[in-house]
Amino acid sequence: MPELFDNHNRRIDYLRVSITDKCNLRCIYCMPEEGLADLKKHEDIFTYEEIEIFVYHAIKQGISRVRLTGGEPLIRRDVVDFIKNLSSMSELHDMSLTTNGVLLADFAEDLYEAGLKRINISIDSLNHEKFKHITRVGNLSIVMKGLQKAFEVGFNPVKINAVVLKEINDSPSDFKDFAKLTFDYPVHVRFIEYMPFSKQMGLDMCLPCSEMIERLKKFGELEDVDSPRGSGPARYMKFRGALGTIGFISPMSNHFCPECNRLRLTVDGKLKTCLFSNDEIDVIGPMRNNHPEKAVEEVLREALKVKPKDHSTARKDHFVRTMSQIGG
Ligand code: SAM
Ligand code: SF4
């Protein structure tokens, strides 16, 4: 099995693929209320076939894990067939998807049959009003039906992503609701520090994970545990007697750059080597103009060469893309 190493000797085996920049929610920390003005034109978007070709050759180079994301990946047409094609690539060891869960109740069964076995669902609050406030247009009951369906169908692990925003969803009752969920379901709740990518919210909205842990400790005895399958750089803990775990992803307070193993492919076919850098490598051009295998080989080689050592060496005058445009 080939392996890819970057210039800082980190093994790179994980690719996040954004399949759309569109979304059916408008989370206050991710998108403006009216949606994004500069959505990519149809001809500028990587087709499913092009993504499949990229992934196929990237696997041959050493990528073995892929996460599909967006925007909201389940709103792109024919996503189930696309997933079926990816899962037929035998050397792809692990595939997962991040969704806001709005369409999950409808899609869960087909996604599972297509070969997707694990899923991350973003739910920032278990309080109906707060969920509505954060997503602007979302309905928590619909997303919870999706979560329920994910368990019924057999997804494992099922993870929840919750971005914590100061004074919006950081109250004792917010943490208590999620703590309780880990007693009721074998779910992995991951609290994420807000990263100030949007123009609407600054760093002052970010609650550090250390503070989240302090607030959660009030609801029981928390112990450190091993991370569930396919976890990135999160610290995992568990309440004694709970079925599920609680993870903490701290991109702001505790950078995980030394363990960074990932590349990101944007919907318009650009390779990003660091979430915090504006640098991008064009993939769509070389792939459309050259022999695809050679193009993939060359862009990966370039990516490994320029991937910054850490945030401080990343070029970030201001963020030119939001998370929904990068593929979170
Ligand atoms: N629409 C899907 C969803 O919400 O799960 C997939 C795309 S979304 C960009 C992926 C993840 O990034 C979500 O869990 C979302 O909460 C998170 N995210 C978006 N903007 C963020 C930010 N500024 N800081 C931290 N996490 C963010
Ligand atoms: Fe859409 Fe996900 Fe961004 Fe929310 S976080 S607006 S669901 S892309």
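How are helix 1 and helix 2 oriented to each other? The model is a predicted one. To answer the question, select residues 48–61 for helix 1 and residues 79–87 for helix 2. The two helices pack with their axes 10 Å apart, at an angle of about 20 degrees. Angles under 35 degrees count as roughly parallel, and helix 1 and helix 2 are therefore roughly parallel to each other. Their crossing is right-handed.

Next, select ligand 1 and display its surroundings. The ligand is surrounded by 16 residues, and the closest are Tyr29, Gly71, Thr98, Ser122 and Met195. By class, this shell comprises five nonpolar, nine polar and two charged residues.

Now display the individual polar contacts of ligand 1. At glutamate 72, a polar side-chain atom lies 3.3 Å from a nitrogen atom of ligand 1. At threonine 99, a backbone N or O atom lies 3.3 Å from an oxygen atom of the ligand. At asparagine 161, a polar side-chain atom is placed 3.2 Å from an oxygen atom of ligand 1. Taken alone, ligand 1 exposes 550 Å², of which the protein buries 95%. To see which elements give two or more residues to this shell, select strand 3 (94–99) and strand 5 (158–164).

Finally, move to ligand 2. Select Cys23, Leu25, Cys27, Cys30, Met31, Gly71, Asn100 and Ser324, the residues around it. The shell of ligand 2 consists of five nonpolar and three polar residues, with no charged residue.

Key: Residues numbered from 1 in each chain as written. Chains lettered and ligands numbered in written order. Predicted model: local features only at pLDDT ≥ 70, side-chain atom pairs only at ≥ 80, totals over all residues. Heavy atoms only, no water. Near = heavy atom within 4 Å. Nonpolar A, V, L, I, M, F, W, Y, C, P; charged D, E, K, R; others polar. Polar contact = N/O pair within 3.5 Å; in protein donor to acceptor, adjacent residues only side chain to side chain. Areas by Shrake-Rupley, 256 points an atom, 1.4 Å probe, with all protein chains shown as cover. Helix = DSSP H or I, 4+ residues; strand = E, 2+ residues; numbered from the N terminus. Axes fitted to C-alpha atoms, helices over the stretch in contact; angles between N-to-C directions. Parallel < 35°, antiparallel > 145°, perpendicular 65-115°, else oblique. Left-handed = near helix turned anticlockwise from the far one by under 90°.
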